[in-house]
Amino acid sequence: MKLSAWVVINLLEIMGKSLWGFKPNIMRDVVQQDGAVKAFVWFVKNMPKYEKILNQWGAIRTHLLATEISILNGCSYCTYGHIYALQLHYFKDKGYLIPFSEDEILAWHSVSYTEAIDRFQQLITSSGLLSELPFLERMLELKNGSVQPNSADDQNICHLIKMFGVLNKCGINGKTRLDEAHDPINKDTMLCRKYNRVRVENSHKFFKDSSVNGIKLR
């Protein structure tokens with residue numbers, strides 16, 4: 001590995017750890033695939049805009065869109081990092097769980113494009129996030145090019161589509177290992193432990209109830 005690549009990988013990992021509390025696995029793959037200078041410039045150009053969107057829209061909308069885009073692009077790495085972040089924020093805000101676990105949502109990579117969209121609509125409605133449905137629909141329109149951006153919200157969506165297009169490509173090509181929640185909330189270790197405990201307890205309860213009541217498991 002060239003010295004420049006080593007330096008940039010370490011610099012990006014340090015930045016990631018400062019922001020999210022761990023060294024994101026994707027940094028090495030982005031640098032190895034795009035080159036040290038291009039990767040560094042890309043992050044410097046794209047991350048401030050992403051952080052601005054996150055502050056403007058909030059974590060739930062931003063991570064939900066990031067998850068939707070990553071599912072449709074087929075990237076397990078980004079899907080997991082952002083759905084886990086979404087789960088933590090939702091659990092912190094609402095006090096209860098989204099009805100779909102991270103593993104269930106990761107499995108949506110194996111279904112058709114149309115089926116994945118249908119499942120996201122189910123996730124949004126079952127989680128009481130009905131205000132996010134128009135953003136899913138608008139993202140799909142902008143992603144397939146059927147409309148042109150004409151508002152500040154559209155510009156934000158287009159940035160996420162373009163940004164995750166790059167990250168998803170690198171995650172897929174590098175077969176990047178899953179890591180943690182891609183958000184500063186990941187540093188709240190007490191919340192993470194509580195969420196994971198409740199998620200496991202809920203899973204055990206689901207299987208127990210299914211066995212007793214004869215519910216067909218998916």
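Trainee: At what angle do H1 and H3 pack, and how far apart are their axes?

Mentor: In this predicted model, the angle is about 20 degrees, and the axes of H1 and H3 lie 9 Å apart.

Trainee: Why are H1 and H3 called roughly parallel?

Mentor: Set the value against the cut-off. Angles under 35 degrees count as roughly parallel. H1 and H3 pack at about 20 degrees, so they are roughly parallel to each other. Their crossing is left-handed.

Trainee: Which residues make the contact of H1 with H3?

Mentor: H1 brings Ser4, Ala5, Val8, Leu11, Leu12 and Leu19. H3 answers with Ala36, Phe40, Phe43, Met47 and Glu51. By class, that is nine nonpolar, one polar and one charged.

Trainee: Which residues of H3 and H9 touch?

Mentor: From H3 they include Trp42, Phe43, Met47, Tyr50 and Trp57. From H9 they include Asp153, His159, Leu160, Met163 and Phe164.

Trainee: Why are H4 and H8 called oblique?

Mentor: H4 (residues 59-73) and H8 (residues 133-143) pack at about 45 degrees, with axes 11 Å apart. Roughly parallel needs an angle under 35 degrees, and roughly perpendicular starts at 65. The pair is therefore oblique. The crossing of H4 and H8 is right-handed.

Trainee: What classes of residue make up the contact of H4 with H8?

Mentor: Seven are nonpolar, one is polar and three are charged. Among them are Arg61, Glu68 and Asn73 of H4, and Phe135 and Lys143 of H8.

Trainee: Now the second largest pocket. Which residues lie nearest its centre?

Mentor: Leu19, Trp20, Met27, Phe43 and Met47, out of 19 lining residues. The volume of this pocket is about 290 Å³.

Trainee: How do you know which helix gives the most to the lining of the second largest pocket?

Mentor: By its residues: H1 gives the most, with five. H1, H2, H3, H5 and H9 each supply at least two.

Trainee: How many residues of each class are in the lining of the second largest pocket?

Mentor: There are 15 nonpolar, three polar and one charged. Leu19, Phe43 and Met47, near the pocket centre, also take part in the contact of H1 with H3.

Conventions
Residues are numbered from 1 along each chain as its sequence is written. This is a predicted model: local features need pLDDT of at least 70, side-chain atom pairs count only at pLDDT 80 or more; totals for chains, interfaces and linings use all residues. Side-chain values use heavy atoms; hydrogens and water are left out. On a 1 Å grid over the protein atoms alone, a cavity is a set of points where a 1.4 Å probe fits but cannot get out, and a pocket is an open set with protein on both sides within 12 Å along at least five of seven lines; lining residues have an atom within 4 Å of a point. Grid points are joined across faces, edges and corners, and a volume is the space filled by probe spheres set on the points. Helices (H or I, at least four residues) and strands (E, at least two) are DSSP runs, numbered from the N terminus. Ala, Val, Leu, Ile, Met, Phe, Trp, Tyr, Cys and Pro count as nonpolar, Asp, Glu, Lys and Arg as charged, and the others, Gly among them, as polar. Axes are lines fitted to C-alpha atoms, for helices over the stretch in contact, and angles run from 0 to 180 degrees between N-to-C directions. Angles under 35 degrees count as roughly parallel, over 145 as roughly antiparallel, 65 to 115 as roughly perpendicular and the rest as oblique. A crossing is left-handed if the near helix is turned anticlockwise from the far one by less than a right angle, and right-handed if clockwise. Contact means heavy atoms within 4.5 Å.
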